[in-house]
Amino acid sequence: MEVKSNCPKCSGQMEQGFVIDNGYRVPIVSEWTAGAGPPQWSFWTGKIKSVTRQITTYRCTKCGFLESYAG
Ligand SMILES: [Zn+2]
């Protein structure tokens, strides 16, 4: 998904990127997860049970404002 837009704060140009989670050995892209409360892990697969979507984050090159899309 590609979204081209201007910053809602200052109308500057938004550049596409990702929010990286460095909590592991390998940097991973943060994901949006459906549902409230803490994540529910599957005992059998070791994976999260809820629907997850990769987050694309746009950053304003002028003021640094971040806008995220979970497409
Ligand atoms: Zn801006």
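1. Strands (E, at least two residues) and helices (H or I, at least four) are DSSP runs, numbered from the N terminus. Thr 56 is in strand 5. The model is predicted: local features need pLDDT of at least 70, side-chain atom pairs count only at pLDDT 80 or more, and totals for chains, interfaces and linings use all residues. Residues are numbered from 1 along each chain as its sequence is written, and side-chain values use heavy atoms, with hydrogens and water left out.

2. Zinc donors. Which protein atoms are the donors of the zinc ion? They are the SG atoms of Cys 7, Cys 10, Cys 60 and Cys 63, lying 2.3 Å from the ion. Donors here are N, O and S atoms within 2.8 Å of the metal (3.2 Å for Na, K and Ca); water is not among the atoms, so sites may look incomplete. Along the chain, the zinc donors follow the spacing C-x2-C-x49-C-x2-C. Cys 10 and Cys 63 link distant parts of the chain, 53 residues apart. Cys 10 belongs to the segment before strand 1 (14–17). Cys 63 belongs to the loop between strand 5 (52–60) and strand 6 (66–70).

3. Zinc geometry. The arrangement is tetrahedral because the 4 donor atoms subtend angles of 101 to 114°. Four donors count as tetrahedral if all angles lie between 85 and 135 degrees. The ideal angle for four tetrahedral donors is 109.5 degrees. On accessibility, buried means under 20% relative accessible area, exposed over 50%, and partly exposed in between (1.4 Å probe, protein chains only). Cys 10 is partly exposed, at 25%. Cys 63 is also partly exposed, at 43%.

4. Strand pairing. Two strands pair if DSSP finds at least two bridges between them. Strand 5 pairs with strand 1 in the antiparallel sense over 4 bridges. Gly 17 has Thr 57 of strand 5 as its bridge partner. Strand 4 (residues 31–33) and strand 5 run antiparallel and are joined by 3 bridges. There, Trp 32 has Arg 53 of strand 5 as its bridge partner.

5. How many bridges join strand 5 to strand 6? There are 5, and the two strands run antiparallel. Tyr 58 has Glu 67 of strand 6 as its bridge partner. Strand 5 and strand 6 form a hairpin with 5 residues between them. In the turn, Gly 64 has a positive phi of about 90°.

6. Thr 56. Is Thr 56 buried or exposed? Thr 56 is buried, with a relative accessible area of 12%. Contact means heavy atoms within 4.5 Å. Leaving out residues up to four places away in sequence, Thr 56 touches Gln 16, Gly 17, Phe 18, Glu 67, Ser 68 and Tyr 69.

7. Aromatic pair. Rings of Phe, Tyr and Trp (its six-membered ring) pair if their centres lie within 6.5 Å; planes under 30 degrees apart count as stacked, over 60 as edge-to-face and the rest as tilted. The count by this rule is 1 aromatic pair. Tyr 58 and Tyr 69 form an edge-to-face pair, 5.6 Å centre to centre with 90° between the planes. Tyr 58 lies in strand 5 and Tyr 69 in strand 6, 11 residues apart. Tyr 58 is buried at 2% relative accessible area, whereas Tyr 69 is partly exposed at 24%.

8. Salt bridge. A salt bridge is a side-chain nitrogen of Lys or Arg within 4 Å of a carboxyl oxygen of Asp or Glu. The count by this rule is 1 salt bridge. Arg 59 forms a salt bridge with Glu 15, the closest N and O atoms being 3.2 Å apart. Arg 59 lies in strand 5 and Glu 15 in strand 1, so the pair ties together parts 44 residues apart in sequence. Arg 59 is partly exposed at 36% relative accessibility, and Glu 15 is partly exposed at 38%.

9. Ser 11. Most residues other than glycine have a negative phi. Ser 11 has a positive value, near 65°. Ser 11 is in the segment before strand 1. Ser 11 is exposed, with a relative accessible area of 55%.

10. Ile 20. Ile 20 is in strand 2 (residues 20–21). Ile 20 counts as partly exposed, at 42% relative accessibility. Ile 20 touches Pro 27, Ile 28 and Val 29, not counting residues up to four places away in sequence. The C-alpha atoms of Ile 20 and Ile 55 are separated by 9.8 Å, and the two residues are 35 residues apart along the chain.

Conventions:
Tetrahedral: all angles 85-135°; square planar, octahedral: opposite > 155°, others 65-115°.
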